[in-house]
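Let's take a walk through this structure together, one piece at a time. Have a look at it first, and then read on.

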Amino acid sequence: MKARESGCTQETAAAKGGFSKRTGRRIDAGAHQPQRGRPHDWRTRKDPLAEVWDSELVPLLQNNRNCKR
């Protein structure tokens with residue numbers, strides 16, 4: 001923003017800031033939303049394997065680990 005305020009073009013200011021020209025246009029337009037808070041690390045839908053994970057999949061994985069190829 002300081003480069004833009006000092007008279008640089010969008011392209012030059014973006015290069016000085018280390019981001020793309022497109023991001024520079026979004027910042028100038030006021031549409032840029034920087035990532036805030038913590039990253040998305042929660043589930044948005046039910047795990048389809050939850051019911052069979054411990055009873056079927058874990059034993060299969062453990063048996064496969066013992067196999068030598």
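**A walk along the chain**

Start with L49, which sits in the loop between α3 and α4, with α4 covering residues 53–66. Helices here are DSSP runs of H or I with at least four residues, while strands are E runs of at least two, and both are numbered from the N terminus. L49 counts as partly exposed because its relative accessibility is 39%. Buried, for comparison, means under 20% relative accessible area, exposed means over 50%, and partly exposed is in between, using a 1.4 Å probe and protein chains only.

Before going further, a word on what you're looking at: this is a predicted model, where local features need pLDDT of at least 70 and side-chain atom pairs count only at pLDDT 80 or more, while totals for chains, interfaces and linings use all residues. Residues are numbered from 1 along each chain as its sequence is written, and side-chain values use heavy atoms, with hydrogens and water left out.

Back to L49: together with W53 and L61 it makes a nonpolar surface patch of about 290 Å². Patches are built from residues with over 30% relative accessible area and no salt bridge; nonpolar side chains (Val, Leu, Ile, Met, Phe, Trp, Tyr) are joined within 5 Å, and like charges within 9 Å. The areas come from the Shrake-Rupley method with a 1.4 Å probe, and for residues only the protein chains shown count as cover. W53 is found in helix α4, and at 39% relative accessibility W53 is partly exposed. Setting aside neighbours within four places in sequence, W53 is in contact (heavy atoms within 4.5 Å) with V58 and L61.

Now for the charged side chains. How many salt bridges are there? The count comes to 2, where a salt bridge is a side-chain nitrogen of Lys or Arg within 4 Å of a carboxyl oxygen of Asp or Glu. One joins R43 to D47, with the closest N and O atoms 3.9 Å apart. R43 is exposed at 63% relative accessibility, whereas D47 is partly exposed at 27%. The other joins E51 to K46, and here the closest N and O atoms are 3.4 Å apart. E51 is exposed, with a relative accessible area of 65%, and K46 is exposed too, at 63%.

R45 also lies in the loop between α3 and α4, and its relative accessibility of 66% makes R45 exposed. R45 and Q33 are 12 residues apart in sequence, and their C-alpha atoms are 25 Å apart in space.

Next, the helices. Two packed helices are described by the angle between their axes and the distance between the axes. The axes of helix α2 (residues 10–17) and α3 come within 8 Å and cross at roughly 110 degrees. That makes α2 roughly perpendicular to α3. Axes are lines fitted to C-alpha atoms, for helices over the stretch in contact, and angles run from 0 to 180 degrees between N-to-C directions. Under 35 degrees counts as roughly parallel, over 145 as roughly antiparallel, 65 to 115 as roughly perpendicular, and the rest as oblique. Q10, E11 and A14 in α2 meet K21, G24, R25 and D28 in α3.

Is T23 buried or exposed? T23 belongs to helix α3 (residues 21–29), and T23 is buried because its relative accessible area is 13%.

Finally, G7 sits in the loop between α1 (2–5) and α2, and G7 is exposed at 61% relative accessibility. G7 and S55 are 48 residues apart in sequence and 65 Å apart in space, C-alpha to C-alpha.
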